[in-house]
Amino acid sequence: MTPSLPARVRVVVIGAGQAGLSVAYHLRRLGLRPVDEVLVLDRGPRAGGAWQFRWESLRLGTAHRVNDLPGMGDLGLSFATADQSRPARDVVREYYERYEEAYGLGVMRPVTVLAVEAADAASGLLVVRTDAGDVLTEVVVNASGTWGSPFRPYVRGEETFRGRQFTTPEYVRAEDFRGRRVVVVGGGTSAVGFVLELEGVAASTTWVTRREPEFMAGDALNQEAGIAAVTMQDEAAKQGLPLPSIVSGTRLVATPAIAAARERGVLQAHPMFTSIEPAGVRFADGSFEPADDIIWATGFRPELSHLAPLGLRERSGGLAVERGHSLRDARVFLAGYGPQASTIGANRAGRLVARQVVAQLAETTKGPSPEDEGPSLASAP
């Protein structure tokens with residue numbers, strides 16, 4: 001059923017993943033009413049953001065840590081104590097459903113945003129065009145994330161490959177690869193997870209990385225390396241440069257399962273191949289690896305095509321963003337972009353972006369004060 005959208009609101013939030021929900025939560029705390037003033041649009045059929053689309057074997061204990069949304073603890077919910085035996089996508093979806101309902105965020109779904117454009121110059125408004133109709137607004141908070149924009153590097157000859165090629169969002173289950181020769185490309189957690197899951201199912205699995213992977217002991221990302229990677233993302237965002245890879249600035253965690261797989265020789269990384277042929281991949285030394293399937297676990301790019309009409313992209317290729325605020329258009333905010341892309345970064349950005357949104361609204365009309373956060377929502381219906 002297509003939702004009925006209001007004709008005009010003060011703020012439109014695009015996306016109901018961790019960044020979008022965090023912003024919506026804080027905007028309500030700052031006195032803006034859900035739906036009437038703050039409209040959250042989400043293209044997913046259900047709650048859960050990108051998590052609802054992840055592969056069925058993924059568990060919370062094997063993924064990057066999922067941080068709690070602000071106010072989740074007041075509802076008696078925490079991913080730290082969630083059932084790790086269940087698919088992560090199911091747990092996150094259920095927790096987000098309860099969160100949206102408890103705080104009355106009024107998320108409209110499924111609604112796909114097609115474009116964001118400037119309305120008439122006199123009004124200074126933006127028009128958000130969707131498959132459910134258009135909405136006029138004073139401010140747009142883009143929290144569309146990256147899941148819908150997987151990055152796949154071009155390799156010479158890829159169009160000649162007779163097998164199947166998948167990106168991370170297209171991977172569903174290991175059983176789909178039973179008895180097949182699979183090449184997994186990528187140096188991050190997803191690629192490692194695919195290699196481990198395919199062991200004993202695929203006829204053969206070859207792991208290929210652009211850089212020699214680095215492993216560290218423990219059960220969390222190296223904090224120092226993580227901070228350095230986020231700092232690089234932040235500097236790139238401020239300068240409007242394409243965002244660098246987070247994986248290239250961090251190391252893989254050698255959990256017991258990963259350490260054991262390395263000892264068995266399962267996680268033996270091969271250098272990136274230089275070309276793709278109809279029946280497999282060719283490496284720089286001339287060696288050839290037959291393949292039926294190639295899985296590209298090579299990361300993502302921010303999903304921003306719907307913002308193209310606003311002309312926010314710099315000549316260098318990126319968007320100039322500081323503290324979640326577009327430097328080219330004061331009416332546009334980007335939550336979960338660049339250094340805010342992790343779950344903890346997105347949650348912290350929610351309050352920061354929400355306060356700036358209220359300040360921006362106050363530039364033209366008297367809005368609620370950023371200092372007046374109103375009563376606690378812990379007991380909200």
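Me: Are helix 1 and helix 2 roughly parallel or roughly antiparallel to each other?
Reply: In this predicted model, the axes (lines fitted to C-alpha atoms over the stretch in contact) of helix 1, residues 18-29, and helix 2, residues 88-102, come within 11 Å. They cross at roughly 20 degrees, on a scale from 0 to 180 degrees between N-to-C directions. Angles under 35 degrees count as roughly parallel, over 145 as roughly antiparallel, 65 to 115 as roughly perpendicular and the rest as oblique. Helix 1 and helix 2 are therefore roughly parallel.

Me: Which residues make the contact of helix 1 with helix 2?
Reply: Contact means heavy atoms within 4.5 Å. Helix 1 brings Q18, L21 and Y25. From helix 2 come Y96, Y99 and E100.

Me: What pLDDT do local features need here?
Reply: Residues are numbered from 1 along each chain as its sequence is written, and side-chain values use heavy atoms, with hydrogens and water left out. Totals for chains, interfaces and linings use all residues and side-chain atom pairs count only at pLDDT 80 or more, while local features need pLDDT of at least 70.

Me: How many helices and strands does the chain have?
Reply: Both are DSSP runs numbered from the N terminus: helices are H or I with at least four residues, strands are E with at least two. The secondary structure comes to six helices and 18 strands.

Me: What share of the chain is buried?
Reply: Buried means under 20% relative accessible area, exposed over 50%, partly exposed in between (1.4 Å probe, protein chains only). The chain has 381 residues. Buried residues make up 48%.

Me: What share of the contacts joins residues 24 or more positions apart?
Reply: Take the contacts in the chain with a separation of 6 or more. Residues 24 or more positions apart account for 69%.

Me: Which residues does R93 touch beyond its neighbours within four places in sequence?
Reply: R93 sits in helix 2. With a relative accessible area of 14%, R93 is buried. Its contacts, those neighbours left aside, are R46, A47 and G48.

Me: How many salt bridges are there?
Reply: Each one needs a side-chain nitrogen of Lys or Arg within 4 Å of a carboxyl oxygen of Asp or Glu. One network, built from salt bridges that share partners, joins R33, D36 and E37. By this rule the count is 21.

Me: How far apart in sequence are the parts that E303 and R43 tie together?
Reply: The side chains of E303 and R43 form a salt bridge, 2.7 Å from N to O. E303 lies in the loop between strand 15 (293-296) and strand 16 (321-322), and R43 in the loop between strand 2 (38-41) and helix 2. E303 is buried at 13% relative accessibility, whereas R43 is partly exposed at 43%. The parts tied together are 260 residues apart.

Me: Which residue forms a salt bridge with D292?
Reply: D292 lies in the loop between strand 14 (288-290) and strand 15, and its partner in strand 7 (residues 181-185), so the pair ties together parts 111 residues apart in sequence. The closest N and O atoms are 3.0 Å apart.

Me: What is the N to O distance between R282 and E277?
Reply: R282 is partly exposed at 26% relative accessibility. E277 is partly exposed too, at 25%. Their side chains meet in a salt bridge at 2.8 Å.

Me: Which residue is joined to R109 by a cis peptide bond?
Reply: Omega of that bond is about -10 degrees.

Me: What is the phi of V35?
Reply: V35 is in the loop between helix 1 and strand 2. V35 is partly exposed, with 24% relative accessible area. Its phi is positive although V35 is not a glycine: about 70 degrees.

Me: What value does phi of R323 take?
Reply: R323 lies in the loop between strand 16 and strand 17 (325-326). At 49% relative accessibility, R323 is partly exposed. Phi is positive in this residue other than glycine, near 55 degrees.

Me: What distance separates the C-alpha atoms of E214 and A254?
Reply: E214 is in the loop between strand 8 (204-209) and strand 9 (215-217). E214 is exposed, at 51% relative accessible area. A254 is 40 residues from E214 along the chain, and their C-alpha atoms are separated by 9.3 Å.
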